[in-house]
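Hi everyone, thanks for coming. Let me put the sequence and the model up on the screen so that we can walk through it together.

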Amino acid sequence: PAGLAVGACLKQAGIQSILLETNDKVGSTWRRHYDRLHLHTDKKNSELPFMPFPKEYPRYPSRDHVIEYLECYAKKFSLDIRFNQQVKRAQQENNLWEVETKDAHYSAPNLVAATGYAREPFIPEWKGKDTFNGKIIHSSEYKNGMQFKGQSVLVVGFGNSGGEIAIDLFEHGAKPGIAVRNAVNVIPRELAGIPILSIGIVQNIMPAWMADLVNMPILRAVIGDITQYGLRKLPYGPATQIKNDKHIPLIDVGTIKLIKQGHVAVFQGVAEFTENSIKFTDGKEAQFDAVILATGYRPRVNDFLQAASSTFDKEGTPTFTGKKTSIPGLYFCGYYVSPTGMLREIAMEAKQISAEISKIKQ
């Protein structure tokens, strides 16, 4: 989405651009996601610049809807996309960005990295993991729960992917558990029929602590006391969590209901694996047939931008996004964990980047 949005904004500004795509289709990250996935943010607040989602799409478009939307977006703006072009190296020489792929070389005065947060699956290491007899996969490999019917499956991670995968497993007849290492916040997808994102946009003018103070009694009434079900509550609210921790709270689409009904068991963080079971940080142990690691991703722009280390942290996450960096001609789009939605943020950043590049060309 970020690359397409920047390409469209540059096109509207009369600036030529080339989009390099690792895979053979647009929206490759979305194509890898599990079947059940829907946007957790409403379509009105998730559209890319200059093109709304179709009216016939539901309020929260499915994975397939998003893929279709991205395909139509690329066609509408006739973007110059070069497929099967994984960038191996990009560095600045004589005021030009020299970009090398497996079989081609590109030069340009400006480079926008828009490879996204989900570039590299993050797979933690635990003692005994290699001895476990069951199946272990990252959520990026998970499609649906059909193959896990009747099995006891542990989902590791309580983000939006982990929460929805637990639902999907239950709906396919599996017996899911979820390992939650840290204290958490939970927010509903909607409040009184209003998308939570719309509320977040209105409250974004407030300091985070104030928004959390206003929302506290509402969330308690809607979500309930999550500590009764084995979850630990963060000492601060969702707005503060996003601002300080750069982490989105669970946007609940049914996980909490299943936990309350006893259909999804809650465990503490994983301590170690044995051949047939998993030991948790609170000393408990349980047997599982399979484990799904909903442990997130790393952007890893350092894989191809080694010479621009001042612009990203040790894990390859850009420290600037949507604006000029400390290196002339280098921009990042889509790396800010926003309280008002990643796609909405991408749309705003793409317009900002296009405006900056337009100034330079003038």
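A word on the ground rules. This is a predicted model, so local features need pLDDT of at least 70, side-chain atom pairs count only at pLDDT 80 or more, and totals for chains, interfaces and linings use all residues. Residues are numbered from 1 along each chain as its sequence is written, and side-chain values use heavy atoms, with hydrogens and water left out.

Let's start with the second largest pocket. By pocket I mean an open set of points, on a 1 Å grid over the protein atoms alone, where a 1.4 Å probe fits, with protein on both sides within 12 Å along at least five of seven lines; lining residues have an atom within 4 Å of a point. The space in this one comes to about 370 Å³, a volume being the space filled by probe spheres set on the points, which are joined across faces, edges and corners. There are 20 lining residues, and those closest to the centre are Asn185, Met216, Leu219, Arg220 and Lys233.

Which helix gives the most to this lining? That is helix α6, residues 208–223, with eight residues. Helices here are DSSP runs of H or I with at least four residues, strands are runs of E with at least two, and both are numbered from the N terminus. In the lining, eleven residues are nonpolar, five polar and four charged. Nonpolar covers Ala, Val, Leu, Ile, Met, Phe, Trp, Tyr, Cys and Pro; charged covers Asp, Glu, Lys and Arg; the others, Gly among them, are polar.

Now the surface. Val214 sits in helix α6 and is partly exposed, because its relative accessibility is 39%; buried means under 20%, exposed over 50%, and partly exposed in between, with a 1.4 Å probe and protein chains only.

On to salt bridges, where a side-chain nitrogen of Lys or Arg lies within 4 Å of a carboxyl oxygen of Asp or Glu. The whole structure has 14 of them. One joins Glu71 and Arg31, with the closest N and O atoms 2.6 Å apart. That pair links distant parts of the chain, 40 residues apart: Glu71 is in helix α3 (residues 63–76) and Arg31 in helix α2 (residues 28–32). Another joins Arg36 and Glu171 at 3.0 Å, N to O. Here the partners are 135 residues apart, with Arg36 in the loop between α2 and α3 and Glu171 in helix α4 (residues 160–171). Asp35, Arg63 and Asp64 form a network of salt bridges.

Finally, is Lys129 buried or exposed? Lys129 is buried, because its relative accessible area is 13%.

And one backbone detail: most residues other than glycine have a negative phi. Asn94 is not a glycine, yet has a positive phi of about 55 degrees. Asn94 lies in the loop between β3 (87–93) and β4 (96–101), and at 76% relative accessibility counts as exposed.
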